[in-house]
Amino acid sequence: MGALHDRDFYAWTKEQVELLRRAGDSGSNLALDWSGLVEEIEGLGATEKRELTSNLARVLERLGKLAWSRASDPRRVWMLSVEERRARARAVIADSPSLKPSVPVRLETAWQIALPRIERSLGALPDGRPLPETSPFTAEQVLDPAWYPAAPGG
């Protein structure tokens, strides 16, 4: 059992929740708080998903600013932030590889978090159009340590 915990933490939480539910439903006479244990372990798995989404949201916010802001000064700081948050997102995926297939869905959730931040900072696209409602960046672009959008007009 420890091997799955080390290979894929999120998958381990899902497995443990299922095992605990079955044990609790079977009428085990162990004096354990079955429902409390299930909730706590589910919470650990949910934390992994939230951490991934949070890091993706920060990457998307900074990529959006890099893609659409005409400001030149903060670009380096934005790129450093992207680098750090990409590394954090990849670390979550490395700890919980079963989350990788959910990245496209997490990306859209993260975009909904990032979008208001970008709007507050930029308002609209340089040509006056509103910002896109769905992420214009793919999961591959967001996680690629070498990819950055071209600067406006560049």
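Before anything else, the cut-off I need: a residue counts as buried when its relative accessible area is under 20%, and as exposed when that value is over 50%. I also keep in mind that this is a predicted model.

**Entry 1: A110**

I started with A110, which sits in helix 5. Is A110 buried or exposed? Its relative accessible area is 0%, so A110 is buried. I then checked what A110 touches: leaving out residues up to four places away in sequence, I found T53, L56, A57 and L60.

**Entry 2: the nonpolar core**

Next I looked up the largest nonpolar core, which has 29 residues. Which of them touch the most other members? I noted L52, L56, L60, W68, F137 and V142. Helix 3 (34-68), helix 4, helix 5 and helix 6 (139-143) each supply at least two residues of this core. Helix 3 gives the largest share, with 9 residues. My reminder to myself is that nonpolar side chains tend to be buried together in soluble globular proteins.

Setting aside its neighbours within four places in sequence, W68 is in contact with W111, I118, L122, L125, P126, L131, P132, P136, F137 and P152. There is also a second, separate core of 5 residues, and I wrote down V17, L20, W34 and I41 as among its members.

**Entry 3: S96**

Then I moved to a loop. S96 lies between helix 4 (75-95) and helix 5 (103-122). I looked up its relative accessibility and got 0%, so S96 counts as buried despite its place in a loop. What does the side chain of S96 reach? I found the backbone nitrogen of Y10, at 3.0 Å. Not counting residues up to four places away in sequence, S96 touches D8, F9, Y10 and E48.

L30, L32 and L37 make a nonpolar surface patch of about 250 Å². The relative accessible area of L37 is 33%, so I put it down as partly exposed.

Note on methods: Residues are numbered from 1 along each chain as its sequence is written. This is a predicted model: local features need pLDDT of at least 70, side-chain atom pairs count only at pLDDT 80 or more; totals for chains, interfaces and linings use all residues. Side-chain values use heavy atoms; hydrogens and water are left out. Helices (H or I, at least four residues) and strands (E, at least two) are DSSP runs, numbered from the N terminus. Buried means under 20% relative accessible area, exposed over 50%, partly exposed in between (1.4 Å probe, protein chains only). A polar contact is a pair of N or O atoms within 3.5 Å; within protein, one must be able to donate a hydrogen and the other to accept it, and residues adjacent in sequence count only if both atoms are side-chain atoms. Contact means heavy atoms within 4.5 Å. A nonpolar core is a set of buried Ala, Val, Leu, Ile, Met, Phe, Trp, Tyr and Cys residues joined through side-chain atoms within 4.5 Å. Patches are made of residues with over 30% relative accessible area and no salt bridge: like charges are joined within 9 Å, nonpolar side chains (Val, Leu, Ile, Met, Phe, Trp, Tyr) within 5 Å. Accessible areas come from the Shrake-Rupley method with a 1.4 Å probe; for residues, only the protein chains shown count as cover. A salt bridge is a side-chain nitrogen of Lys or Arg within 4 Å of a carboxyl oxygen of Asp or Glu.
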